[in-house]
Amino acid sequence: MENYSAVRGDAWLVYDGECPVCNTFTKYIRIRQTVGRLHLIDARHPSALMDEITAAGLDIDHGMVLKFNDAIYYGSDAAYVLTMLGSPSGVFNRLNYYFFGSKLGAQIFYPAGKAFRTILLKLLGIKYIENLKHANPTISKTK
């Protein structure tokens with residue numbers, strides 16, 4: 001199993017591997033080489049990092065997670081930090097910077113992207129990950 005804090009500077013992005021929006025995002029997002037390497041973790045597969053996210057009470061269906069320098073960033077904070085680590089090369093990364101390059105921008109545009117993802121998953125019949133429900137069956141479904 002991979003050690004998610006072994007390489008200082010590397011970043012781990014946890015995303016939904018069955019979500020077309022998430023897959024497109026992870027296909028094009030780049031971080032600066034000086035930062036380190038970006039590791040992509042599919043939240044639909046068991047991992048120590050998903051266990052850590054669940055133990056922290058973070059619902060992966062409500063926000064992506066970025067782990068960087070032993071800190072966990074969630075939702076719009078993850079989008080903002082990932083953008084700050086991002087490479088300026090490519091149209092996708094420039095657009096990403098335009099929308100998520102400030103905390104205010106991330107707080108405005110991240111929920112819109114999340115809403116689009118939710119609608120798309122429903123239309124495509126893709127089930128939620130429900131990491132918190134699987135960790136604790138007494139938690140009721142909020143969707």
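**Working chat: cores, sheet and helices**

Reply: Of the 143 residues of the protein, 45% count as buried, where buried means under 20% relative accessible area, exposed over 50% and partly exposed in between, with a 1.4 Å probe and protein chains only. This is a predicted model, in which local features need pLDDT of at least 70 and side-chain atom pairs count only at pLDDT 80 or more, whereas totals for chains, interfaces and linings use all residues. Residues are numbered from 1 along each chain as its sequence is written, and side-chain values use heavy atoms, with hydrogens and water left out.

Me: How many helices and strands does the protein have?

Reply: The protein has 6 helices and 4 strands, taken as DSSP runs numbered from the N terminus (helices are H or I with at least four residues, strands are E with at least two). From the N terminus on, the elements run β-α-β-α-β-β-α-α-α-α.

Me: What order do the strands of the open sheet have?

Reply: The order is β2-β1-β3-β4, with mixed pairing, and two strands pair if DSSP finds at least two bridges between them. The edge strands, each pairing on one side only, are β2 (38–42) and β4 (71–74). Neighbouring strands are turned by 20° against each other on average, direction ignored; axes here are lines fitted to C-alpha atoms, for helices over the stretch in contact, and angles run from 0 to 180 degrees between N-to-C directions.

Me: And which helix packs on the sheet?

Reply: Helix α2 (residues 48–55) does, touching β1, β2, β3 and β4, and its direction makes about 75° with that of β1. Contact means heavy atoms within 4.5 Å.

Me: In what sense do β1 and β3 pair?

Reply: They pair in the antiparallel sense over 4 bridges, and leucine 13 has leucine 66, in β3, as its bridge partner.

Me: OK, leucine 66 then. What is it in contact with, leaving aside neighbours within four places in sequence?

Reply: Its contacts include Ala11, Trp12, Leu13, Leu38, Ile72, Val81, Leu82 and Leu85.

Me: Switching to the largest nonpolar core, which residues touch the most other members?

Reply: Of its 19 residues, those are Leu38, Leu66, Leu82 and Leu85; a nonpolar core is a set of buried Ala, Val, Leu, Ile, Met, Phe, Trp, Tyr and Cys residues joined through side-chain atoms within 4.5 Å. At least two residues of this core come from each of β1 (11–15), β3 (65–68), α3 (76–85) and α5 (103–124), and α3 gives the most, with 6 residues. Apart from this core lies another, of 11 residues, among them Trp12, Val14, Ile41 and Leu58.

Me: Is α3 mostly covered or uncovered?

Reply: α3 is mostly covered, since 8 of its 10 residues are buried, including Ser76, Tyr80 and Thr83.

Me: At what angle do α3 and α4 pack?

Reply: α3 and helix α4 (residues 91–100) pack at about 135°, with their axes 9 Å apart. The two helices are therefore oblique to each other, given that angles under 35 degrees count as roughly parallel, over 145 as roughly antiparallel, 65 to 115 as roughly perpendicular and the rest as oblique. Ala79, Tyr80, Thr83 and Met84 in α3 meet Asn96, Tyr97 and Phe100 in α4.

Me: Last one, leucine 120: buried or exposed?

Reply: Leucine 120, which lies in helix α5, is buried, with a relative accessible area of 19%. Not counting residues up to four places away in sequence, leucine 120 touches Pro20 and Val21.
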